[in-house]
Amino acid sequence: MNKILFVFSIVSGAALVLFILPLLNLFTQFLTITNSLHEDWAVLLRITFFTCEQALLSSFVAGVFGCALAFICFETRVVGVKVIAILSHVTFFLPALIVALAIVGVWGNHGWVGKFFPESGVYGWLGILLGHLFFNFSVYFRLVGQSLLESEKSEEKVALSLGANRWVVFWSVTFQKIKKSVIQSFFLVFIYCLSSFVIILILGGGPRFTSLEVAIYQAIKVDFNLKLAALLASIQLLFCFVAHLFSGTASEVRIGFRPRLQELIYQCRTGVGEKLVFAVTWFFFCLVVLLPMIYLFVKGGTSISKLSPNDILGTLKFSILLGLKVAIVSSFLAFSSAYLARHFRSEKVKRWVSFSSILPVAVSNMVFGAALLTWAPSFRDLGSEGLWGVVVIQALSALPLSFRIFSESFSKIENEIYFSAKSLGASHSQLLTQVELPMLKKSIASSIVTGLGISLGEVGALLLFESSGNATFSIWLFRLMGKYQFGEANAVGVLLLFTMVCIFLVKESWEH
Amino acid sequence: MHFFGERVMGTLTIKNLRVGRDSFQIFVKNISVQSGSILGVVGKSGSGKSTLLNAIAGFETLSEGEIHFNDTNLSSLPPEQRRIAIVFQRPALFPHLTVLGNVCFGLKIKKHSESVQKELAIPWLKKLGIADLADRYPHSLSGGEAQRVAIARALVVGFPILLLDEPFSGLDVELKSGARKALKELVDELKLAAILVSHDPTDIEELADEVCTLEKGQISGWLKKKS
C-alpha cells in the first residue's frame with residue numbers, strides 16, 4: 001500500500017469510527033433503556049406514526065410535482081427550462097428556516113395567497129406539505145430529469161411506428177426507463193422528510209404535529225432527557241437506515257445536468273396545447289416555488305434597515321468561519337474517501353468506502369447530535385460554544401454530497417492519464433500533487449462551497465449545541481421568529497439568502 | 001536531438017510472462033526486441049495485446065515470468081522506475097497543463113529546472129511540428145496534434161523502451177502516414193526498443209521489423225521477419 005493510501009485510510013477510518021461509535025452507543029442505550037423508560041408508549045407510537053405518515057405524503061406530493069415538471073421540461077419545449085433548472089438548484093440548498101418563513105408569508109392567514117383562504121390556515125398539513133414540496137421537488141426534477149435526458153428514444157420511435165399512442169408509449173417504454181430514478185428519488189425524499197426538523201417545528205404548529213426529530217430536540221433541550229432522546233433517535237435512525245438501503249444511491253443528486261442525447265418525442269403538436277402546458281407549468285411553479293422566494297426578497301429587503309450593521313457583520317463573520325471549518329473538514333474527508341474508492345484494488349473495499357461515505361444521508365443532524373451527546377457529553381463544550389461538535393455534525397452531513405462530487409471527478413480521470421504519469425516516473429505523491437489535485441481544482445471548490453452552503457443553512461446541530469453567545473444567520477433567524485419579530489426575521493432571511501447566492505456565484509465563476 | 005538521461009541501448013527480453021486471472025490469461029514464452037527495432041503485435045480484439053503492453057509497463061501484476069532490459073530485471077520495479085515510455089490510443093494529455101507543460105511533465109518529475117525543461121522540450125516540439133502550440137491547452141488541439149504531443153512527452157525523457165498502443169488509430173489517413181514516417185525515423189535515430197500494437201496492417205507493414213500474432217493470450221505465430 002502506498003503512503004498516501006495509508007494516510008487517507010487512517011483519516012477515513014478515524015472518521016468512520018467517530019461516526020459509528022456514537023450510533024452504536026445509541027442502539028446500546030436503546031436496548032437497555034426500553035424497559036426502564038416510563039414514557040407514554042401511545043404517545044411515542046403516535047409520534048412515530050405521524051413521522052412516517054408525513055414523510056410518505058410529502059414524498060408522494062413532491063414526486064407528483066417534481067416528476068411532472070421534469071417530464072414537461074425535458075420532453076417538451078417549455079420556455080424557461082433553464083430558469084427552472086437553476087431555481088431547482090437554489091431550492092435544494094435553501095435553508096429550511098427561510099423556506100418556513102417565506103411559506104408563512106405567502107400562505108399564512110395574512111399572507112399574499114393565504115388571505116384569500118382564511119379558513120385553511122398554513123400551520124398543519126398544508127404548511128408541512130408545502131415546505132417539503134418546496135425542497136424536495138428538485139430531487140425528483142434532477143434525478144428523473146437526468147434519466148430522461150440520458151435515455152435514447154429509439155424504443156419510443158419503434159413503439160410509435162408500430163401504432164402505439166403517446167400514453168401507451170409513455171407507460172410501456174419511457175416510464176420503464178425512468179422507474180428506477182423515480183423510486184430512488186422517492187426513498188431519498190422520504191429520508192429527507194423523515195428527518196425534517198425546522199419545517200415541522202415551525203409549520204406543524206402544535207403537539208399534534210410532533211415528529212421524531214422535533215421530539216428529540218424537545219427531549220434534549222426542554223426535558224433534558226438524554227435517554228428519551230436516545231430512544232427516539234434510535235427509532236428515527238432505524239427508519240432512515242431502511243429507507244437508505246432501499247434508495248441505494250442517496251448521493252445521486254447531481255449539481256448540473258448532462259446534455260440531451262436525443263430529440264423530443266412528446267412535444268405538443270398544436271400551438272394551443274403547447275401554450276396550455278407552458279401556462280399550467282409556470283402557474284404551479286410560481287405558486288409553490290417562485291412566490292415564496294419573491295416574498296422574502298420584497299419583505300426582507302424593506303426591513304433590512306431594522307438590523308444593526310454590527311450584528312450583521314458579527315453574524316456574517318461567525319457564520320463564514322464556522323462554514324469554512326465545516327467545508328474544510330467535510331472536503332478533506334470526502335477527498336480521502338474518494339481517493340480510496342479510486343485507488344484501492346479490492347472492489348469490496350471500494351464498495352464499502354462508497355457505502356460508508358454516503359451513509360450519513362440516513363442520519364439526521366438531530367439524531368447524530370443526540371448520539372454524540374449521549375456517547376460523549378463533553379462534546380457540548382468542545383471548542384468555544386460547542387463549535388467542534390457542530391463542525392463534526394455538519395461536516396458529516398455534507399460528506400455524502402462532497403463525496404459524490406469527488407468520486408465523480410476521480411472517475412473522469414482516465415486510466416491512461418495515470419499510466420502516462422507513472423510511466424514518466426511520477427511517484428504516488430507526485431501523481432497526487434501534480435496530476436490529481438490540479439485536475440480536481442473545480443471539484444475542491446465545489447465541495448467547499450457545498451460544505452459552506454450546508455453549514456450556513458443548518459439549524460438542528462446549532463440548536464442542540466447553541467449558547468446565548470455568537471449566532472449564525474440561521475440561529476439569529478430562529479431566535480427572531482421565536483420572538484415573533486417577522487420583519488427582522490425576513491431581513492435576516494434575505495441576508496442569508498444573499499450570502500448563499502454570492503457563494504454560489506463565486507463557485508460558478510471559478511468553474512467557468 | 002537533446003534528451004534527458006543517458007542513451008542506453010540493449011535488448012528488451014520477455015520470458016515466460018503470464019498475466020491475468022482465471023477468466024483470461026496471457027502467456028508469452030519468449031520475446032526480444034533490440035534497440036533501434038520495432039516489434040509489431042497484432043491480434044483480434046480481446047486477444048491480450050494491450051494487456052501485454054500494460055504488463056511490460058508495470059500496470060499489470062505478473063503471475064510469473066520476467067522482463068529484462070539488458071541485465072536489469074524490470075519485473076520487480078514499479079512502473080515509475082522502469083524507464084519505459086508509453087503512448088496510448090488516446091493521447092491522455094493532462095488537461096490542466098499546456099502542451100509545453102505536458103511535454104515537460106516527465107522532466108519536472110525529475111526535478112529539472114524550468115530552463116532545462118524548456119531547453120530539452122522545445123527541440124522535440126519543433127521536430128514534431130507542434131512548437132507553435134506550446135501555450136495551448138489540450139482541449140483546443142486536434143486529434144493529430146494531441147497525439148504528437150503525447151509522442152513528444154514520451155520521447156523527451158529519453159527512456160530506452162517505447163510502447164505504442166494503437167497510437168495512430170485516432171488520426172486520418174494523411175496524418176497517419178506522416179506520423180508513421182516520423183516515428184520510424186525517431187526509433188532509428190534514438191535507437192529505441194519499441195513495441196507497437198495496431199489493428200492497421202499498414203502500420204505494421206511500414207513500421208515493424210518483426211511481427212507476432214496474439215491469439216487468446218498466446219503468441220500463435222511470427223508473421224513476418226525482416227532480415
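Author: Ground rules to start with: residues count from 1 along each chain as its sequence is written, and chains are lettered from A and ligands numbered from 1 in the order in which they are written. The model is predicted, with local features needing pLDDT of at least 70 and side-chain atom pairs counting only at pLDDT 80 or more, while totals for chains, interfaces and linings use all residues.

Reader: How do you know that chain B agrees with a compact globule?

Author: With 227 residues, such a globule would have a radius of gyration near 17 Å, and chain B has 17 Å, so the two agree. Chain B holds 6 helices and 10 strands, and its C-alpha trace spans about 45 × 35 × 35 Å along the principal axes.

Reader: Why are α9(A) and α10(A) called roughly antiparallel?

Author: Helix α9 (residues 212-221) of chain A and helix α10 (residues 226-247) of chain A pack at about 165°, axes 8 Å apart. Angles run from 0 to 180 degrees between N-to-C directions, with axes fitted to C-alpha atoms over the stretch in contact. Under 35 degrees counts as roughly parallel, over 145 as roughly antiparallel, 65 to 115 as roughly perpendicular, and the rest as oblique. The pair is therefore roughly antiparallel. α9(A) also passes α10(A) in a left-handed crossing, meaning the near helix is turned anticlockwise from the far one by less than a right angle (clockwise would be right-handed).

Reader: Which residues make that contact?

Author: Among them are Leu212(A), Ile216(A) and Ile220(A) of α9(A), and Leu228(A), Leu232(A) and Ile235(A) of α10(A). Contact requires C-beta atoms, placed from the backbone, to lie within 7 Å. By class there are 11 nonpolar, 1 polar and 1 charged residues. Ala, Val, Leu, Ile, Met, Phe, Trp, Tyr, Cys and Pro count as nonpolar, Asp, Glu, Lys and Arg as charged, and the others, Gly among them, as polar.

Reader: What makes α3(A) oblique to α5(A)?

Author: Helix α3 (residues 81-93) of chain A and helix α5 (residues 125-150) of chain A pack at about 130°, with axes 8 Å apart. That makes α3(A) oblique to α5(A). Their crossing is left-handed. The contact includes Phe92(A) of α3(A) and Phe134(A) of α5(A), and its residues divide into 4 nonpolar, 3 polar and 1 charged.

Reader: How many residues are in contact between the chains?

Author: 16 residues of chain A are in contact with 18 of chain B. α16(A) gives the most to chain A's side, with 7 residues. That side divides into 8 nonpolar, 5 polar and 3 charged.

Reader: Where in chain A does pLDDT stay under 50?

Author: Over residues 250-256 of chain A, for which the model has 20 contacts beyond four places in sequence. pLDDT is the predictor's confidence in each residue, from 0 to 100. Chain A averages 82, and chain B averages 86. The model scores ipTM 0.79 and pTM 0.80.

Terms used
Contact = placed C-beta atoms within 7 Å. Helix = DSSP H or I, 4+ residues; strand = E, 2+ residues; numbered from the N terminus. Rg over C-alpha atoms; globule rule 2.2 N^0.38 Å.
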